[in-house]
Amino acid sequence: MLSHCSALRQVDSMGKVFYLSKTTVVVCSILGIGAACTIIALSVVYSQEKAKNNESLPPTEKPTTKPPVTSSPVTTPSSDNPWDQYRLPKSLVPDHYNVTLRPWLTPNETTGLYIFTGQSTVEIVCVEETDLILIHSNKLNFTKQANGQYATLKSASGGTVPSIIESFPVTKTQYLVLRLNGKLVKDHRYHVFTDFTGELADDLGGFYRSEYMEDGKKKVVATTQMQPTDARKAFPCFDEPAMKAIFHITLIHDTDKIALSNGEEKESSPITIDGKTLQQTVFKPTEKMSTYLLAFIVSDFGYINSTLDGVLIRIFARKPAIVAGQGEYALNITGPILKFFEDYYNSTYPLPKSDQIALPDFNAGAMENWGLITYRETALLYDEDFSSNSNKERIASIISHELAHMWFGNLVTLRWWNDLWLNEGFASYVEYLGADKAEPEWNVKDLMVLNDVHRVFAIDALASSHPLSSKEEDIQRPEQISELFDAISYSKGASVLRMLSDFLTEDVFKRGLQTYLDEFEFGNAIYTDLWDHLQTAVTGSSTSLPKTVHEIMNTWVLQMGYPVVTINTTTGSVTQEHFLLDPDSEVTTESPFNYEWIVPIKWLKNGDIQDPIWLQVKSALFNEMKTTGTDWVLANQDVVGYYRVNYDQANWEKLLNALSTNHEVIPVINRAQLIDDAFNLARAKIILTELALNTTKYLISERDYMPWESALDNLDFFYLMFDRSEVYGVMQAYLKNQVTPLFEHYKTMTGNWTDVPKGHLDQYNQVNAINLACRSGLEECQNLAKMWFNQWMTTGVNPIHANLRSTVYCNAIAAGGAEEWEFAWTQFKNASIAIEADKLRYALSCTTQPWLLNRYLEYTLDADMVRKQDATSTIVYIAGNVIGQSLAWDFVRDRWNYIFTQYGGGSFSFSNLINGVTERFSTDFELQQLKQFKEDNAETGFGSGTLAVDQSIERTIANIKWISENKQTVLNWFKTEAAL
Ligand SMILES: *[C@@H]1O[C@H](CO)[C@@H](O)[C@H](O)[C@H]1NC(C)=O
Ligand SMILES: *[C@@H]1O[C@H](CO)[C@@H](O)[C@H](O)[C@H]1NC(C)=O
Ligand SMILES: *[C@@H]1O[C@H](CO)[C@@H](O)[C@H](O)[C@H]1NC(C)=O
Ligand SMILES: [Zn+2]
């Protein structure tokens, strides 16, 4: 699944204006003390509209001792009962299910509830004698059968069948328990039948409903989100990824609706129930698959289609969106991306059809249901007039990410959630390869350094980080599983796999991957199975490694964090050390490798590529790294390695000199790296803050996107820490001066803002230029924004190019008052495309009027005003506004109980919410408030945001310290530079 942060990222990115920190965007991040930010979180905050995927949430290296948030047991079991265990017993496995579901798209007249009804028969195989059947089930009401129990049991193998003597639901561990008066026989097959009712709630989890308006009428869609543990909310099932089975699905619905599921439609025919004529759609049986990949949808959406080598490809969305052509882009790129992955995996697409559908309400960014991928509208629908290039890139990346899962994740599935990082990290890596195939002009592969590597560096440098790999027994409860959907799993997973593919070579990586998929298709694996296959591929190739794939990768997967490699060009010594953003933080997590890594180092001397070296110990001498005269060394070419680099002072000076005299001798990705490494090394007190700030001086002549973006990501932290202090003025003066040439450059390039820059990255950097120019107070920029917005308000025709809308809207609303805000709100409510609505929703948070911000905060908890899926990100946007910060914090504190109960189920975004509203915290007073908040709500709890509360406290403490140590230095540096 892709988190919705992804979604946020793009939006945010767009515009940050004066009062707004880009980091707002952090919504998505777990954020460390660091700079950047997705889900939900976490990402580098990008200032551009760029986008990507992800989710957030802190990991769980250890199970917490807190009770689960969800519920209390119905029975009062002693903990010896098998149904008190969160994991299924090994006695029974499902073979296939026959499930019929009927979602009611109108509420029950008496109760007002939307419901669905269903019947299910599952054929189970007994692999160990047992007199107990446990099936996952959550929030389902079962109908009593003739036997007086909630289920019936029959033999499918002949012979006698024990009777069910007791049946009851267990709320805490989410089971339907059937106790028998005799044993099921090993190797015999049985049928378990249930008849049940569930609520078709608007809670974005399991079988749920999404609503939208069309032609003034409310329309309801029934849809699903099963991952990770909500299939059990749709029908009783063995809801673990290794319990693969075949599913025969039937959906019953009104005759004017269409029904979709994972499989192809087999037949659809009228059926009369209680005198009412309905439609019954029967689907062909699925392949053998995991429950979390199921999908059932009833809607009256439209679609467009094409075929590729016999595979039917369809894009579904609300009819007006289809009529407007918003599905065309997705349809056009799906074929080429599917072809790319068939080739990459050397495996034909495993299913006869590939449906993709855009839903008005969807919690994550997208979900890789096998054969029926679900998306947020913004992640699938593209409109030439409304979508920015960042929106477009995000669509290409997310489609690529989800299609990658059709094999990696769906055809071959990790056995248990503890290996989620491999599933998500892999898709987050190869999505760039697929997107690059669809859009070869974009250079998207380079952007992974900003979107994933830099982004997760910020989080993985905290003492509270966690290793990629968790132990199976440590991940049991649904919240523990949900917590794994974090930046570490996605972005660190992607980063270390990219490094692995690079040092193996792409050919070897592909070969190992192909034999892995071949061996485990339709089954399950663990992450070391992939290493085995890669090792075999290495053995048959010319790649030579200093150690085995297992040995090298263990150092990256089994311990948290990453090293800073220090190169001394006088002595040739190269050393490594665990990089901690806060050098005073205490690392309590033990590492099996004592925080040493096996580090592949690609490097340059004076711009020339050298033979790569491997650092396998703490410290070693490499004579080839010694330099004389003006020679300089630059390590981690293209930031393929997952580590930071530091140098002796003389080499730093030579690199700074190279930047200021002829920056192009340093590859563009490494220019971005030098800035990011320097700022973070300074945060860690390894180098002086002045040295980090010095890396921004050459930006006055930089035109490329990546270095600017890297600088802006890092300067965001300065904005957050200083936008309420005296440093702000001189910092603004300096940045205004640095960005003015870039602003002029784009003004010229675009013929006074009338054209669009040709290059994708140029388009991004144009947004950066306008963003920073307006934010730092360049009047010409601010006037431009106001003029455009005003033109829109007076003529009703929007003159602003989609790429610039977020930024321009935000700046204009910040400069304006109630009239601008109301205009934007009306546009938001009337927007027919979600991508436009998202830009406005973000921009509405930019106002400087406290009363407007407070009212907007109230709107976030009213689903008629702001969709539930957007509530937390909107609150975080408001907190990103320096004026909204304290209002949002007060609001969240005040409403915590309500927010938690209303938004708690199945949503991933609590950690974003908490990290987001506390991001700017940097005073003792704020620290006290935060601690009080933790204490006051100990009883309600923080759910998936539990770790985020502690992280926020840790971050606030670090911020307080950083400000006290750096404020004067930073003030002086900016004063000097601004005066020049
Ligand atoms: C509506 O709910 C009531 C009370 O639960 C129930 O008796 C009735 O059958 C329901 N109506 C329909 C049409 O299902
Ligand atoms: C499920 O349906 C299929 C196809 O109609 C049928 O062959 C199979 O016996 C059914 N299985 C169960 C457990 O009812
Ligand atoms: C299930 O039963 C509970 C308790 O009787 C009731 O409150 C709830 O509304 C029922 N749900 C559905 C979908 O009928
Ligand atoms: Zn994914």
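Q: Which residues of α21 meet Arg 805, Ser 806, Tyr 809, Cys 810 and Ile 813 of α19?
A: This is a predicted model: local features need pLDDT of at least 70, side-chain atom pairs count only at pLDDT 80 or more, and totals for chains, interfaces and linings use all residues. Residues are numbered from 1 along each chain as its sequence is written, chains are lettered from A and ligands numbered from 1 in the order in which they are written, and side-chain values use heavy atoms, without hydrogens and water. Contact means heavy atoms within 4.5 Å, and helices are DSSP runs of H or I with at least four residues. On the α21 side, the residues that meet α19 are Glu 836, Lys 839, Leu 840, Tyr 842 and Ala 843.

Q: At what angle do α19 and α21 pack?
A: Helix α19 covers residues 805–815 and helix α21 residues 834–843. Their crossing is right-handed (near helix turned clockwise from the far one by less than a right angle). The axes, lines fitted to C-alpha atoms over the stretch in contact with angles from 0 to 180 degrees between N-to-C directions, are 8 Å apart, and the angle is about 35 degrees.

Q: How are α20 and α21 oriented to each other?
A: The axes of α20 (residues 818–830) and α21 come within 8 Å and cross at roughly 150 degrees. Angles over 145 degrees count as roughly antiparallel. The two helices are therefore roughly antiparallel.

Q: What is the handedness of the crossing of α20 and α21, and which α21 residues make the contact?
A: The crossing is left-handed, the anticlockwise case. From α20, the contact takes Ala 824, Gln 827 and Phe 828. The α21 residues are Ala 837, Leu 840 and Arg 841.

Q: How are α13 and α15 oriented to each other?
A: The axes of helix α13 (residues 668–683) and helix α15 (residues 705–722) come within 7 Å and cross at roughly 15 degrees. Because angles under 35 degrees count as roughly parallel, α13 and α15 are roughly parallel.

Q: What handedness does the crossing of α13 and α15 have?
A: Among the residues in the contact are Ile 675 and Phe 679 of α13, with Leu 715 and Phe 718 of α15. The crossing of these two helices is right-handed.

Q: Which residue has a side-chain N or O atom 2.3 Å from an oxygen atom of ligand 2?
A: The residues around ligand 2 (a heavy atom within 4 Å) are His 96, Asn 98, Thr 121, His 191 and His 248. A nitrogen atom of the ligand is 2.9 Å from an N or O atom in the side chain of His 96. For the oxygen atom at 2.3 Å, the residue is Asn 98.

Q: Which peptide bond is cis, with omega near 0 degrees?
A: Most peptide bonds are trans. Pro 228 lies in the loop between β10 (217–225) and β11 (246–253), strands being runs of E with at least two residues. The cis bond runs from Gln 227 to Pro 228.

Q: What is the phi of Asp 215?
A: Most residues other than glycine have a negative phi. Asp 215 sits in the loop between β9 (206–214) and β10. Although not a glycine, Asp 215 has a positive phi of about 50 degrees.

Technical notes: Parallel < 35°, antiparallel > 145°, perpendicular 65-115°, else oblique. Polar contact = N/O pair within 3.5 Å; in protein donor to acceptor, adjacent residues only side chain to side chain.
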